[in-house]
Amino acid sequence: MSIPPLVSIIIPHLNQQDALRLCLESIKHQSVGCGNLEVIVVDNGSDNIPMFAVQEYDFTSLLQEKVPGPGPARNTGIKAAKGEYLFFIDADCLAHEDWVRNGLAAFDKYPDTKIFGGDVQIARENTSEFTPLEAYESVFAYQQEKYIKDLGFSGSGNLATIPSVFDDVGFFPGIEVAEDRAWGRRSLQKGYITRYLADFIIYHPARKSSMELCDKWERHVRHDYEEISGTFMASFKWILRSLLVFLSIFIHGLKIIRSNRIRGFFVKVNAFKVLTKIRLFRVQVMLRLMYDVEYRISGVRWNRN
C-alpha cells in the first residue's frame with residue numbers, strides 16, 4: 001500500500017480546550033494513521049493557551065495569531081503548513097475516522113477539482129433520543145450540500161484544498177465578514193468549483209441552549225447586513241428579506257415534517273418550536289440593525305458559532 005501524502009490539518013482555536021482535546025483525539029484515530037499528518041492548532045487569543053492539550057499529541061504544533069477572527073487564524077496555519085493538501089476543521093468538531101482517507105480519495109477521483117467541502121452532522125449526546133435543539137439542528141444546521149451546490153462555497157469548518165489555490169485566490173478575509181463565504185466567492189470568480197463530498201464527514205455538537213444558536217444567527221445576520229448596506233434600495237430589500245424570514249417559519253415547518261433526519265411526532269413538534277423562536281429572533285435582529293445605530297455598531301466575537 002502506498003503511503004498517503006502529507007496532509008496539514010489546520011484548526012483555529014479560541015477558549016475551547018476541552019473540545020480541542022476531543023477533536024485531536026478524533027484525528028489521532030484516523031484510519032490512515034497519523035504518520036503523514038501534521039496538525040496545526042492556531043490559538044486566537046484564548047484566556048488560557050491550550051499548550052498542554054496540544055502537547056498530548058506529538059503530531060500537533062501550536063501557533064498564535066493575535067489578529068482576531070477564524071480567517072486570520074487559518075491564514076497563519078496555511079503559511080506554516082508543509083502538507084501537499086490542506087484540511088480544515090474547527091476546534092469543537094470531531095472528524096469521522098475516514099475523514100482524511102475519503103478526502104484524499106476525492107483528490108484522486110476528481111483530479112480537476114481543487115476544493116472540496118463535506119457533510120457536517122450533529123454529534124448527539126444521547127443517540128436514543130433528540131433534545132429540541134438537536135432535532136432542529138439535525139434538519140437546519142450546517143447545510144453544506146446546499147451551500148456548495150447552490151451558492152458555490154463550503155463552510156471552512158470542513159474544507160479540503162491545496163496550497164496553490166491560496167496562492168491564486170488569496171487568504172481568508174478578517175472577522176468583519178463571513179470569511180468562508182467571501183473566500184468561496186473569490187475562488188469561484190477565479191474559476192475554482194467546490195465539490196460536495198457526502199462521505200467527507202465531521203460532527204459538530206448541538207448547541208447547549210437556544211441562546212448559543214441566537215448568537216450564531218446574530219453574527220450571520222450582521223454579515224448579511226454589511227453586504228447589503230449601501231446597495232441600491234438597501235432598506236427596501238432588507239425589509240423584504242425580514243418578511244421572508246418570518247414567512248419561512250411556515251415554509252420550513254413543512255421541511256421538518258418531511259425530513260428523514262428526525263423521526264417521531266413530538267421530536268418534530270420540538271424542532272418546530274425551536275425553528276419559530278430562532279426565526280423570530282432573526283427578524284428582531286434584522287429590524288434592530290436598521291433602526292438602532294448603537295446596536296448596529298457593536299461587535300461580536302468570532303467564536304460565537
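This is a predicted model: local features need pLDDT of at least 70, side-chain atom pairs count only at pLDDT 80 or more; totals for chains, interfaces and linings use all residues.
Where does Trp 183 lie? Trp 183 sits in helix 8, which spans residues 179-189.

**Trp 183 and its surroundings**

- Trp 183 counts as buried because its relative accessible area is 2%, and the cut-off for buried is under 20%.
- Setting aside residues up to four places away in sequence, Trp 183 touches Ile 115, Leu 159, Val 165, Phe 166, Val 169, Gly 170, Phe 171, Phe 172 and Pro 173.
- For a sense of distance, Ser 164 is 19 residues from Trp 183 in sequence, and their C-alpha atoms are 14 Å apart in space.

**Helix 8 and its cover**

- Just after helix 8, Gly 191 takes a positive phi of about 100°.

**Aromatic pairs**

- The model holds 18 aromatic pairs.
- One of these joins Tyr 136 and Phe 140, with ring centres 5.2 Å apart and planes at 35°, so the pair is tilted.
- Tyr 136 and Phe 140 are separated by about one helical turn, because they are 4 residues apart in helix 5 (residues 132-140).
- Both Tyr 136 and Phe 140 are buried.
- Phe 172 and Trp 183 form another tilted pair, at 5.3 Å centre to centre with 45° between the planes.
- That pair links distant parts of the chain: Phe 172 is in the loop between helix 7 (163-169) and helix 8, while Trp 183 is in helix 8, 11 residues away.
- Is Phe 172 buried or exposed? Phe 172 is buried, because its relative accessibility is 5%.
- Ring pairs also tie Phe 88, Phe 166, Phe 171, Phe 172 and Trp 183 into a cluster.

**Charges over rings**

- Phe 171, a member of that cluster, has Lys 79 over its face at 5.2 Å from the ring centre.
- Elsewhere, Arg 222 lies over the face of Tyr 295, at 4.6 Å from the ring centre.

**Thr 113 in its loop**

- Thr 113 belongs to the loop between helix 4 (99-109) and strand 6.
- With a relative accessibility of 10%, Thr 113 counts as buried.
- Leaving out neighbours within four places in sequence, Thr 113 is in contact with Phe 107, Ile 193 and Arg 195.

**The nonpolar surface patch**

- Phe 232, Met 233, Phe 236, Leu 240, Leu 243, Leu 244, Phe 246, Leu 247, Phe 250, Ile 251 and Leu 280 make a nonpolar surface patch of about 1,100 Å².
- Which helix gives the most to the nonpolar patch? Helix 10 (residues 234-258) does, with 8 residues.
- Phe 250 lies in helix 10 and is one of the patch residues.
- Phe 250 counts as exposed because its relative accessibility is 52%, and the cut-off for exposed is over 50%.

Key: Residues are numbered from 1 along each chain as its sequence is written. Side-chain values use heavy atoms; hydrogens and water are left out. Helices (H or I, at least four residues) and strands (E, at least two) are DSSP runs, numbered from the N terminus. Buried means under 20% relative accessible area, exposed over 50%, partly exposed in between (1.4 Å probe, protein chains only). Contact means heavy atoms within 4.5 Å. Patches are made of residues with over 30% relative accessible area and no salt bridge: like charges are joined within 9 Å, nonpolar side chains (Val, Leu, Ile, Met, Phe, Trp, Tyr) within 5 Å. Accessible areas come from the Shrake-Rupley method with a 1.4 Å probe; for residues, only the protein chains shown count as cover. A salt bridge is a side-chain nitrogen of Lys or Arg within 4 Å of a carboxyl oxygen of Asp or Glu. Rings of Phe, Tyr and Trp (its six-membered ring) pair if their centres lie within 6.5 Å; planes under 30 degrees apart count as stacked, over 60 as edge-to-face and the rest as tilted. A charge sits over a ring if NZ of Lys or CZ of Arg is within 6 Å of the ring centre and within 35 degrees of the ring normal.
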